[in-house]
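This briefing goes through a protein model and some of its local features. Please view the sequence and the structure before reading the points.

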Amino acid sequence: MERSNHLIPLPIQNRQVSGATKYGPKRYRSKRQAGSEIAIEAQLLDYARRLTDEQQKQLLERIEALAKDIQSPTAEELGASIEDEKPSQLFNDVEDFVRRLEAGDYFDGWGWDPRIGEERAWGDESWAQEMDEILERISHCFQSGPPAVAGECYSRVLGTFLMGDEAGIFCGPEPAERMLDSDLNLVRARYFRCVYEQTALSKRAQRLFVIMDELDGIGTATIGLQAVMDSKSSRLPDYEDFLPLWIDFLKSREQERSHRPSLFQWERHSQWLLREALQLAKGVDGLAELARERGPGNPEAYHQWIAALIREDNLKKAAFAAREASERIENAEERAAMGEVWAELSVRLSHPRDVLNARRLAFRASPSTRRLLEYCSEGEPAQNTMRQRLKAELEYAETCEKAPSPRLMAVLDLLLGQVELALESLEDSSVIGWSRKDHPGHISFPALLIVGTNSIPKSESVMARLWSQLDTILSLKDEDELPSAAIFRACGLTPPSKTPSSFRALLEPILERLRLSAKRRAELLEGLKRITLRRVQSIVENRFRGAYERASLVTVACAEAFFLAGDEEAGLELLKVTRQDFPRHRAFHKELSELQNDSPLLPNVAA
């Protein structure tokens with residue numbers, strides 16, 4: 001019979017057979033035992049390779065029979081054993097387990113794991129199952145035993161996670177918390193309940209806050225007083241007396257926070273606990289009280305108030321709260337985002353006037369192109385109405401201490417048809433750095449080329465290429481992912497999926513209706529020519545090779561504009577002068593010639 005080369009599967013993958021206890025297999029192994037077991041396994045696999053298929057089958061059956069003799073007890077057996085144990089035995093077993101964890105008995109070292117594609121801690125991963133069993137035993141003590149013992153046991157186990165960043169504690173392919181089946185959120189809530197019940201009323205608030213803050217980074221959720229109450233079926237002792245003390249303590253912590261220069265994690269935690277406590281004491285009215293008291297400097301208070309109103313399906317009051325927030329919050333971006341929340345709620349309430357007012361407030365709080373387009377196009381207004389809105393915002397912008405960016409001012413000027421102002425702003429701006437979000441170059445240059453030619457260019461031309469990129473350059477979709485989206489979610493709303501009106505679609509009919517004289521169009525093109533030559537000079541003279549294509553784009557686009565305007569001589573002269581000024585820059589010449597030859601409006605040039 002032929003021998004098989006494959007390895008036989010081992011039924012006991014964890015190799016945790018070093019004795020047994022009342023609560024199942026003893027899963028502790030010393031490093032020496034671990035090394036011996038690895039050597040034994042290697043010898044066993046080597047022996048198995050030399051067996052026939054039939055012999056391998058018989059060996060596997062014998063291993064499976066042995067495994068049945070050392071399997072863990074059933075859940076019923078384990079539960080019965082737990083109920084019978086003494087608290088002192090539980091405490092001693094917890095101490096023994098934690099001591100072994102802290103001594104590094106389950107940790108072998110760090111190494112590469114090809115399955116997850118990164119380094120991780122290797123060792124005896126049975127610590128996770130042992131901890132799950134210990135936490136199950138503590139939960140029985142918590143439900144029916146002395147809270148002092150359960151609290152001390154929880155404290156010792158949870159304390160090991162505060163050492164998790166230290167080498168030599170846990171091991172496994174995932175973070176320690178995810179190696180467990182136990183719910184660490186519930187474990188923390190039960191521990192906090194033990195501390196609550198074991199602490200005198202006068203000292204309870206401070207003690208509870210300290211441990212809640214210390215363990216806030218463990219688990220997947222913030223645990224507050226509600227979770228502490230829910231952790232046990234019996235009523236929380238002294239709850240009515242404790243809640244006012246708890247609120248006063250947290251408010252005093254917040255008062256200390258207001259004098260600090262930055263916002264630390266513990267401060268955000270105390271804010272969350274205070275909002276929860278006020279809601280427990282007064283419902284949504286408690287959140288409203290906190291928002292009005294602390295909301296201007298702590299916008300999360302408004303978020304929670306609005307979210308609670310939305311959960312109650314009280315959109316009218318939620319809209320009122322959002323309007324109040326958009327007028328009172330100190331941070332401009334937060335104020336603008338709350339204006340957008342107000343607008344969204346007003347849409348749902350079918351209040352078009354409020355929608356318009358909210359859009360205007362959002363734009364004025366933190367001006368952006370997206371907010372401007374949302375406001376000026378709200379309700380699909382007639383051209384005259386949209387123009388009135390734009391003029392009002394331009395006048396408002398001119399009175400603000402912090403003026404909008406040159407790019408946003410260019411958008412306003414162009415939508416109002418004030419092309420001379422747009423050209424003046426472009427000439428005053430740097431000829432490089434057009435990719436900056438505040439630079440008007442990529443917006444004004446292609447738009448003014450169209451005004452100068454009085455026509456929309458062919459799709460294959462460089463002019464058309466620059467024109468088609470307007471909306472992409474403005475990054476309207478990217479602006480939808482600003483912090484306002486996170487604020488929408490914090491308020492219990494899904495961020496609007498509607499894409500703002502296309503700037504190019506709004507601008508195109510405005511430019512087409514402009515009736516400039518031939519002289520004014522020629523002056524525009526001459527101004528663009530000056531900008532082109534300055535931009536090319538700055539890029540090529542300084543040998544910014546990565547920008548040679550950009551210099552060639554504005555040159556060819558400007559030449560195309562002269563051709564479309566009927567001044568072919570001026571277009572050819574621009575191309576000639578550009579080449580003559582930089583005779584030795586062959587890389588630039590190559591870029592320029594390739595673009596010129598690809599243009600359907602310009603004559604080809606020899607390579």
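The model is predicted. The protein contains 30 helices and four strands. Of its 607 residues, 48% count as buried.

**Overall make-up**

- Among contacts between residues at least 6 apart in sequence, 66% join residues at least 24 apart.

**Packing of α27 and α28**

- Helix α27 spans residues 518–541 and helix α28 spans residues 548–564; their axes come within 9 Å and cross at roughly 160°.
- Because angles over 145 degrees count as roughly antiparallel, α27 is roughly antiparallel to α28.
- The crossing in which α27 passes α28 is left-handed.
- On the α27 side, the contact is made by Leu-525, Glu-526, Leu-528, Lys-529, Thr-532, Arg-535, Val-536, Ile-539 and Val-540. On the α28 side, the partners are Tyr-548, Arg-550, Ala-551, Val-554, Thr-555, Cys-558, Ala-561 and Phe-562.
- Sorted by class, this contact of α27 with α28 holds eleven nonpolar, two polar and four charged residues.

**Packing of α28 and α29**

- The axes of α28 and helix α29 (residues 568–581) come within 6 Å, with a crossing angle of roughly 160°.
- That angle makes α28 roughly antiparallel to α29.
- The two helices α28 and α29 cross in a left-handed sense.
- From α28, the residues Thr-555, Cys-558, Ala-559, Phe-562 and Phe-563 take part. They meet Glu-568, Ala-570, Gly-571, Leu-572, Leu-574, Leu-575 and Thr-578 in α29.
- The contact of α28 with α29 comprises eight nonpolar residues, three polar ones and one charged one.
- Thr-555, Cys-558 and Phe-562 of α28 are among the residues that meet α27, and these three residues also meet α29.

**The buried face of α20**

- Helix α20 covers residues 419–428, and Val-419, Ala-422, Leu-423 and Leu-426 in it are buried.
- Viewed down the axis of α20, these buried residues fall within an arc of 100°, so they line one face of the helix.
- The elements against which the buried residues of α20 pack are α19 (406–415), α21 (441–453) and α27.
- Helix α27 therefore has a part in two of the topics here: α27 is roughly antiparallel to α28, and buried residues of α20 pack against α27.

- Ser-346 lies in helix α15, which runs over residues 332–348.
- Ser-346 counts as buried because its relative accessibility is 1%, against a cut-off of under 20%.
- Apart from neighbours within four places in sequence, Ser-346 is in contact with His-351, Asp-354 and Val-355.
- Ser-350 is found in the loop between α15 and α16 (352–365).
- Although Ser-350 is not a glycine, its phi is positive, at about 60°.
- With a relative accessible area of 58%, Ser-350 is exposed.

**Glu-380**

- The loop between α17 (369–376) and α18 (383–399) holds Glu-380.
- Glu-380 is a residue other than glycine with a positive phi, near 50°.
- The relative accessible area of Glu-380 is 75%, so this residue is exposed.

Conventions: Residues are numbered from 1 along each chain as its sequence is written. This is a predicted model: local features need pLDDT of at least 70, side-chain atom pairs count only at pLDDT 80 or more; totals for chains, interfaces and linings use all residues. Side-chain values use heavy atoms; hydrogens and water are left out. Axes are lines fitted to C-alpha atoms, for helices over the stretch in contact, and angles run from 0 to 180 degrees between N-to-C directions. Angles under 35 degrees count as roughly parallel, over 145 as roughly antiparallel, 65 to 115 as roughly perpendicular and the rest as oblique. A crossing is left-handed if the near helix is turned anticlockwise from the far one by less than a right angle, and right-handed if clockwise. Contact means heavy atoms within 4.5 Å. Ala, Val, Leu, Ile, Met, Phe, Trp, Tyr, Cys and Pro count as nonpolar, Asp, Glu, Lys and Arg as charged, and the others, Gly among them, as polar. Buried means under 20% relative accessible area, exposed over 50%, partly exposed in between (1.4 Å probe, protein chains only). The arc is that of the directions from the helix axis to the C-beta atoms.
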